[in-house]
Each structure stands twice: as C-alpha cells, then as structure tokens.
Amino acid sequence: MTTRKAEESKRLALIVLYCAVLSGASGGASGGASGGASGGASGAAGVEAGNVLAVFPHFGYSHFKVALPILNELSRRGHHLTVISYVQNPEAPQLANYEQLLLSSATEDQSSTTINVVPLSEHTPTRSLKVLLQEYYDLYGNGQISCELLYASGHVETVLERHKQKPYDLLLTEYFSTDCQLSLAKLLELPIIGLSTCALMPYYYDRIDLPDTPAYVLSEFVGFKQPLSWSERLLNFAQAKLLKLIYRLHTNRADNALIKRHLNLDIDVDAVARNQTAFILGNQHYSHMGSRPRTQQFLEVGGVHITHESQKQLTPKIVQFLQQSKHGIIFISWGSMVRASSIDDDKLTAIIHVLQQLPFNVIWKWEAEEQPKPQLDASKFLFVKWAPQLALLCQPQVRLFWAHAGLLGLTEALHCGKPLLMTPIYGDQFLNAFAAQDRGVGIKLDYQQINVDTLQQSLQELSKPSYAERALKLSQVFNQRERSPLETAIWSVEHVLQHGQLAVELIRSPGIELNWFVYHSLDSLAVILAALLLLLVSCRALAMPKSQAPPKPQRKSRKARRSNT
Ligand SMILES: *[C@@H]1O[C@H](CO)[C@@H](O)[C@H](O)[C@H]1NC(C)=O
C-alpha cells in the first residue's frame, strides 16, 4: 500500500516537474531531447575547426528545417560552412563563417514556394503499389528539378574553386530523392554524411548495409498497422525490393547522365555513396517508429529540430486565448506543406459542428486571409496563419493535437507528450500515423472518412485517459537519450572532420562490398547442402544392396510366372 502510494506520488512529482519544465519553454530550460548540443556549445572541444560543404537542394521547408539546427550549431562551434540550399536560413547573416549559396532567388517569397504547396484535393488515401510508384515518380521529378537548379546555379563551380584555396573536409547532404550532388564528394574526395529528414528511403538501406527486413520494417512509402497481414507483407516486400531496383536503374542513371552533361564526368553516384558515406542520420526514433535492426553507420536523430531556439515565444493573442481556455484546447495544424484552407466544404462543416459541441476551445492553423466561417464564436475558435507549434504543443492547456502526421509535428507532440488525432495526406504521413497509433498515443482518421459521426467517435475514443497517460510516458522515453539528437549529429560530423578517410574506412560496413550470393552466405549454405546431399546419396548407396536384394527374386519369379503362362 505504502509503496504504491510512494510510487504514485513519485509519478505525480515527475509529471509536475515535467509540466513545469515544459511550461517554462520561454526560459528555454527544458531537458532531454531539446537540451541539444547547445548545452555544451563552448566550441569544438578537442576538434579542429573543419570546413564543411553542405548541399540541400530540395525545396521543402520542412526538410531543411531538420538540417538547420545542425548547420547553425556547427557554425557556432567554430566550423566553416558553405551551404548550398534552396531554402534560406534566416540566421545565416548572423552566423560567423557561414556562407549561404542559394538555389532560389534571394528575393523569392519562400512562403509561397516552400510551404503551403499541397492542396487537400490531391491526397493519396490508399497504399497500393501503383500509388507508391506514382509517389516515387513524383519524388524523382522533384529531385531532377532540384539537380538542374543546382548545376545551373554556378555554385558547383564556385565550390570547386573554393576547394582549391581552402579544401573541404566533408559533404553533409540530404538523402531523399536524388544523388546528383555526390559528384562533389567524388571530385573533392570527401567523406559523406547523409541526412534523411523523413524515415529513410528504402533505396538507401544498402549503401550502409541496413537490413530492410520487410516482414515488419515499413519503409517511408508504406503505412500499415502492425502486425502486417500477409498481403501487406507482400506489398511491403515488393516495394522494398522494387524501389531499390528502380532507384538504381532510373534515378541514379538520370543522376549520372546529368553529371556527365554538366561536368563531363563519368561516375556512378551509387558507387560513390557506398564508398564514401560515413553515416546516415535518420530523423526518427524507435519510441515512435519502432525498434529495428540497424548498423553502426545509421544514427537516430529524431527530434533534432527541437531546440531552445525553436521554442519561440507565443504571440500575445495566443497567450490571451490560452488564459481564457479553462477547459483546455484542441490544436489543429496540418503542417506547413498542406493548405488547410483547401478543405472540402462538407468536411469543414462537419468538423466545426462537432468542435462546437465540445467543451474545448480550438486553435487552428489556417493560412488563408478569411476565416472558414465568419459567424464563428471568437472566444472558442482562434485561427492563426502561423503558430509557434512546439511552444504551443507543450502548453498544459493543449489536450489534443489534430495533425496531418508530418514527421516534425508528430515528433513535437511526442516530445511534449500530447495525444494525437491524425489525418495523413501524402507520403510518409501514413507510416508516421500508423506508428503513433501502434504505440497507443493517438488514432488515425482518414481525410475522406471525416464526417460528424467518425469525428465524434474518434474524439470519444481519444477522451479516454489512457491516451494522455501513454503520451506522457512515451515522451519521457523519447526525451531521455544517451545523447541528445543534436549532440549525436554534431558528434558524427566532428568525428569525421577529425579522422577523415580513416573514420569512413573503419565504420564502413564490409557487407556492402560483398555480392548478394556471399552476403547471404548462400555459398556456405550451398556447400553444406551439397555435403548433406552427398551424405544422403552415399548412405542410400550403402543401404542399397540390402534393400534391393529381395525384389530381385520377386521380379524373377514374376518373369518366371509370365514365362510360365
Ligand atoms: C573510395 O573513396 C576514396 C576516397 O575518396 C578513393 O580514394 C577510392 O579510390 C574510392 N574507391 C572506389 C572503389 O571508388
């Protein structure tokens, strides 16, 4: 009895402490994942300042957002950086030794090119092989556009020139939809660190000898509830193998051709990646994505974007709204890429109808000028064009986060310990949503399923205390790391800066050089099988005379009988 009480009060104290830490977000005093390497940002202790080349051609803001804290921290620690990117780094002008080479025009309004680009009408609700291949093809197209921009920008020549004066030590880049940037790693003989800003694409597993294990490891393209049914396993297996093949034969061939066209260089980017990749940093963590076999070259940095700086002050309007929300708040945000205001009218009406009956107030990220319904009660609904999502999610008043299951938002909810209602729209969001649902911190409600009944049922289910309790417990596991995600990322970069080619040589898996026959020990199996067969045959041969002896007279006698007739 007393021990249970003691445990209970210990848990309560932990929760209180946790909430105090979270609500002190503006003070930046939170621990765990958000502690970041900035805690020890006193400079690259024991590591000489390096010269880092970072190449991030993809246009999505949510992708570059994962790289930003790493780049900024490297600069703060005294390393030199040349960063080729499409998305601007708002802190670049204040950072020492940080050269920003943009692929976009410096005057471009990035709020219309890097965010709010996906209308809800284009959602892909099911995960069939056809949809996956379509998504692969779209990514391929985007990747090649980014590549053309990269090579047309003149920055490649700039970087090659810079290297002559002050050699680069490392290529930090995104592993997402193309490898055309790896020509730089080849030409400058640089070790590579690849950052995967979403769950790692299945076609990158091989380059660091990461097992794909399609019986239960879901790749970025697939989203299913665990455990998988037989047909789902078949699809997962097929896509894992097929996408690897297509990526090699289609995307990488296009990358090689593009490099040949622009630099007149004959290379195979896949061979470069295998030979020169030191680490892949994956924006994921097992507490959300599930446990999986991994190699030493794969480092989990899920939550790396959660830094003190990102816990921005809430706007006065939001602070006031929080104060007047005595019964808690539901926060709705479908991310930076999805245009919430493109929602179908019947669904919007249903959502508002249900929300109006709840005791909770609602903060809704709504990027259009006009509110969805002008007659709504302003004391219950607050529409904001942009929300300091992380700071808001960590507020104790926020009871539920209705998300589109983008990885960054889910990670933030995980960090803050908030239950989730998830409406995945495209890409990895299905995978992310199922992963969170499987871990008991939320439930998925598909976009096309949204109506008054389904929404009421979902909210009813989520009102059970088990979801909030589980979310809080998971957040404690997520936040208690051996090393913060940012520290892990910084360590990997500084490790390679310090040890260069030797670091790659030692960490690179010997497995990637083996052919598939040897890799799967089929040669050994073949020998064992052959030996067993030989044994079996010789045993039978030895046993043969005994067992064959009796039929002989029988046959003879039959023959004899026949000859008799
Ligand atoms: C691997 O990379 C190193 C360093 O860039 C290079 O010297 C070596 O030739 C490469 N090996 C292959 C097989 O490409």
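Glu189 is placed in the loop between H6 and S6, and in this predicted model the residue has a positive phi of about 50° although it is not a glycine.

**The seven-stranded sheet**

Strand S6 belongs to an open sheet of seven strands, which has the order S3-S2-S1-S5-S6-S7-S8 and parallel pairing. Strand S3 (98-102) and strand S8 (298-300) stand at the edges with a single partner strand each, so that one side of each is left without a neighbour in the sheet. From one strand to the next, the twist averages 20°. Within this sheet, strand S1 (residues 51-56) and strand S5 (residues 170-174) run parallel and are joined by four bridges, and the bridge partner of Val52 in S5 is Leu170. Helix H8 (residues 269-276) lies across strand S6 (192-196) and strand S7 (277-282), and its direction runs at about 90° to S7.

**Disulfides**

How many disulfides does the model contain? The count comes to two disulfides. One of them is formed by Cys147 and Cys180, whose sulfur atoms are 2.0 Å apart. The torsion about the S-S bond is -100°, and the link of Cys147 and Cys180 is left-handed. This pair links distant parts of the chain, 33 residues apart, with Cys147 in helix H4 (residues 129-152) and Cys180 in the loop between S5 and helix H6 (182-188).

**The six-stranded sheet**

Another open sheet has six strands in the order S12-S11-S9-S13-S14-S15, with parallel pairing. Its edge strands are strand S12 (381-384) and strand S15 (442-444), each of which pairs on one side only. On average, and with direction ignored, neighbouring strands of this sheet are turned by 15° against each other. Strand S14 (residues 420-422) runs parallel to S15 and is joined to S15 by three bridges, with Leu421 standing opposite Ile443 in S15. Helix H11 (residues 345-357) packs on the sheet, where the helix touches strand S9 (329-333), strand S11 (361-365), S12 and strand S13 (398-403), and the direction of H11 makes about 150° with that of S11.

**Helix pairs**

Two packed helices are described by the angle between their axes and the distance between the axes.

| Helix pair | Angle | Axis distance |
|---|---|---|
| H2 (residues 61-76) and H17 (residues 485-507) | roughly 60° | within 10 Å |
| H7 (residues 230-263) and H8 | about 95° | 9 Å |
| H13 (residues 407-416) and H16 (residues 465-479) | about 100° | 6 Å |

The axes of H2 and H17 come within 10 Å and cross at roughly 60°, which makes H2 oblique to H17. H2 passes H17 in a right-handed crossing. On the H2 side the contact involves Pro69, Ile70, Glu73 and Leu74, which meet Leu486, Ala489, Ile490 and Val493 in H17. By class, this contact of H2 with H17 has seven nonpolar residues, no polar residues and one charged residue.

How is H7 oriented relative to H8? With an angle of about 95° between them, H7 and H8 are roughly perpendicular to each other. Arg248, Asn252, Asp255, Asn256 and Ile259 in H7 meet Val269, Asp270 and Arg274 in H8. Sorted by class, the contact of H7 with H8 has two nonpolar, two polar and four charged residues. H8 is also the helix that lies across S6 and S7.

H13 and H16, which pack at an angle of about 100° with their axes 6 Å apart, are likewise roughly perpendicular to each other. The residues that make this contact are Thr411, Leu414, His415 and Cys416 of H13, together with Leu474, Ser475, Phe478 and Asn479 of H16. By class, the contact of H13 with H16 has four nonpolar, four polar and no charged residues.

Technical notes. Residues are numbered from 1 along each chain as its sequence is written. This is a predicted model: local features need pLDDT of at least 70, side-chain atom pairs count only at pLDDT 80 or more; totals for chains, interfaces and linings use all residues. Side-chain values use heavy atoms; hydrogens and water are left out. Axes are lines fitted to C-alpha atoms, for helices over the stretch in contact, and angles run from 0 to 180 degrees between N-to-C directions. Helices (H or I, at least four residues) and strands (E, at least two) are DSSP runs, numbered from the N terminus. Angles under 35 degrees count as roughly parallel, over 145 as roughly antiparallel, 65 to 115 as roughly perpendicular and the rest as oblique. A crossing is left-handed if the near helix is turned anticlockwise from the far one by less than a right angle, and right-handed if clockwise. Contact means heavy atoms within 4.5 Å. Ala, Val, Leu, Ile, Met, Phe, Trp, Tyr, Cys and Pro count as nonpolar, Asp, Glu, Lys and Arg as charged, and the others, Gly among them, as polar. Two strands pair if DSSP finds at least two bridges between them. A disulfide is a pair of cysteine sulfur atoms within 2.5 Å.
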